[in-house]
Amino acid sequence: MSNVNMKSAPKALYLSLLVIVAGIAVAAAGIGLKFLGSGREMVAMDALYISMAVTVLVTFIFGLVRYSLAVGLTLGAVALHDQLLTLAVVALVSIALPQTVVMPVMVIFSIVFTYCQSWPIIRAMHELRTANSQRDMDNDQIAAAAVRQTAGLRLVAVIMAALLIIAGAVSGNAALVGAMVPLAVGLIVSFYSAVCIIPSLWMMCAARFGKRK
Amino acid sequence: MAKPVKQTKKPMNSKAVAAVTLVVLLALTLAAAFIGVRGMNLDNQGLYKLLAWIPTPSQSSTWRQALVPGADLGENLVQTYTAAPVAEGGEVTEEQLKQTVSLLGKRLAFGGWNSAQAEVIEGNKIRLTLPLDGTHDHAFEMMAQRGDFAFAAPDGTPFLTWEHVKQANYGLNPQDGSYAIGFLLDNEGKQIFADKTAELIGQSMQLMIDGTAVANPGINQALTEGQASLPGFNHENSVAYASMMQYGPLPLVLTHESNENGAPLFGAKVQNTVIWALAAVVLLISLYFLLTYRLGGLIAVWLMGIQLVATYFLAALVRSGFTVATLLAVWGSFGLLVYALLLLYRSMKSDLDRGRAIRQSVKDAYAGPGKVAIDVLAALLLLAVILIIVDHQQIGAFMRTFGLGVLVDLVLMGIVMRILMSNAINLFGTNSALYTSGSAKKEAA
C-alpha cells in the first residue's frame, strides 16, 4: 500500500506560498489583477476580502462543530489556502486574460470546489481513524487509504464541473473566457490541495488535537 | 337466522400506490416544466399571465421578462457622459475619473444592476453599459447625477450631509404603492438630527440633492432614534436618492451626451449559445447516469430536471436577471445536486455489485456518503445566509440565488429522492440489474 509522503505537503505549501506572494506582488505593482475597461474601479475588493475571511471562518466553525477541532482546523486551513491561491493565480492569469466585474463572485464560489474535493477525504480519514486503532492503521496509512477511496468520485466530479465551465467559456467571446478563469483555477487548486495538502495537514492536526484508541 | 358477514379489509396494493405516486409526481414535474417554458395566461383576456422562466433560444418566449438579461448576456443601453470638474476652472484628474467610475458602479449595484459597467473612454468621457430592460432609462441618468445629498431647514440651510449616513435603503410601501427611502445615521448624525427635528416640530425639512429640494417631509415629532423613513417617491427616485445617501456625491459633474444600443458584453450570440451549450452538458450528464445506473439513473435525471425548473423559478422570483452570476448560481447548485447524486449512486452501485439488496444499499448510501453530501450542502447554505447578511452588494446578491438553489438541492436529495426511489423499487422490483450496469457478484460468506 503506497503511503502519503509526509514531505509532499511542505513542498506543496511552499509552492502555494510562492504563487500567492507572486500574485500579491503583481497585483500591488499594477501588472496583475487586470480588468476589462474600468472594471478594477467597479470591483469592491474590500468586500471580496471580507467575504473570503467569512468563508474561511464559517468553514472552520462548521468543521469544528460537525466533527472535531482537528477537522475544523484542516478545513479552515484548506479553505484559506484555496481561496488565496485561487485569487493569486487569477491575478497572474489576468495579465493575459483580463477579468470582469464578476470576478469576486467567481472566486468566492470556488469554495464549492474545495468542499467537494476535501470533504470526502476528510470524512474518510475521520471514519478510518475512529474505526481503527493506532496499531491497525497509522495516520499515514489512513491518509493514503482515504485519498485512494475517494479518487474515483473526485475525478468524476472534476470532469462534470469542467464540462459546465467549458460550456460557459465557449459560449461567448474572450471576455467570457476570462470571466470563467477563476472557476477553472478554483477547480484545479481544489484538486491539487485535496491530493497534496489535505492528507498531511489533517494528519498533523489529528496528531496534535485528536484522540485515538 | 342469517349469520353476520365478516368484513375483511383488503390490503392496499403497494404497486398501485407506487404507480399512482410516480405518475402524479411526473405529471406535476412535466406541467411545471411546460409552464416554465411556455408561460401561462391566468385569465381569459390574457391580462394576467405567468411568465415563462426557463431560458430557451425562442425569441417569442416571455422568459426575458421574468429573467431580464443583464448587460453581460443581453443587448444593452450604452450611455456616454462627459465629465467636468465641480469647481469652474478646475481640472479633471485620473484619480477623480477612477473614483467616479467606482461610485457609479456601486450605485448601479445598489440598484440591482450588477451586470452594468462603467468605464473611462477617450480622456474625459465615461461610458455606462446598462441592461436594456426598457423601464429604467431615466433612472440611469438620475444615477449619474453628482448627488450631493443633505437635509436642510425650511430656509435651505443644510444641517446634515451624507457623511453621517451609515446606511440607506429603499422599498415599496404597500399601503399606497409609493416607494420610501430609509436611512440610518451615525452617532453624531443621530444627535444633530434629533436636535434639529425637535427644533422644527410643526414645520418641514428639505431633502436636497445638488442644492435642489426634492422632498419636503413634515415633522410631527423629534426623531431621536437616528433613523427614519421618507415615503412618497417613485422607484427611480428612491433608488437614485438612496444610493446617493449611501455612497456620497461623485467627484465630477457628468453631462449626458448620447444613448445607443450595444451588443452583449460577452458576445452578440452569447445568450442562445450558452443555453445550447449547457443543455448539451445536461444531456451528457444524463446519458452517463442512465447508462451507469439505469432506472436509478432515470430517477437522477428526473431530479435534475426538477432542480433546474425550481431553481430558475426561484431566480426569477427574486429578480436575479439573466446574468453570468445568475447562471453560476443556478448551474452551480445543479452541479452540487449532481455531486450529491454521484456520492449516493456510487455507494449504491458498489453495494449492489457485491450482491446487496437495493433497499439496504439505498439506506447505507444515505447513512454513509449521503452525509458528506448533506455536510457540503448544509455548510454552503450556512455560508450563503451569512454572506447575504454581511455583503449588500454583488456577492450577497449572488448568494441569495445560490442559497435558494442549495436549499432546493437539500430538499431533493433528502426527501424527493427517497420518495422516488422507494416508489420505483415498490413498482419495478428489487432486481439489482435494474439499478446498476455492473454484474452483481454474490457477497462472500
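Axes here are lines fitted to C-alpha atoms, for helices over the stretch in contact, and angles run from 0 to 180 degrees between N-to-C directions; the model shown in each view is predicted.

**View 1. Helix α6 of chain A against helix α10 of chain B.** In this predicted model, the axes of α6(A), residues 111-131, and α10(B), residues 369-390, come within 10 Å and cross at roughly 140 degrees. Because angles over 145 degrees would count as roughly antiparallel and those from 65 to 115 as roughly perpendicular, the two helices are described as oblique to each other. The crossing in which α6(A) passes α10(B) is right-handed.

**View 2. Residues at the contact of α6(A) with α10(B).** From α6(A), the contact is made by Val112(A), Tyr115(A), Cys116(A), Trp119(A), Pro120(A) and Arg123(A), and from α10(B) by Val372(B), Asp375(B), Val376(B), Ala379(B) and Leu380(B).

**View 3. An open sheet in chain B.** The sheet has 3 strands in the order β8-β9-β12, with antiparallel pairing. Strands β8 (165-172) and β12 (227-233) of chain B stand at the edges with a single partner strand each, so one side of each is left without a neighbour in the sheet. From one strand to the next, the twist averages 20 degrees.

**View 4. The pairing of β9(B) with β12(B), and the helix across the sheet.** Strand β9(B), residues 179-185, runs antiparallel to β12(B) and is joined to it by 5 bridges; the bridge partner of Gly182(B) in β12(B) is Ser229(B). Helix α6 of chain B, residues 235-247, lies across β8, β9 and β12 of chain B and runs at about 170 degrees to β8(B).

Conventions: Residues numbered from 1 in each chain as written. Chains lettered and ligands numbered in written order. Predicted model: local features only at pLDDT ≥ 70, side-chain atom pairs only at ≥ 80, totals over all residues. Helix = DSSP H or I, 4+ residues; strand = E, 2+ residues; numbered from the N terminus. Parallel < 35°, antiparallel > 145°, perpendicular 65-115°, else oblique. Left-handed = near helix turned anticlockwise from the far one by under 90°. Contact = placed C-beta atoms within 7 Å. Pairing = 2+ DSSP bridges.
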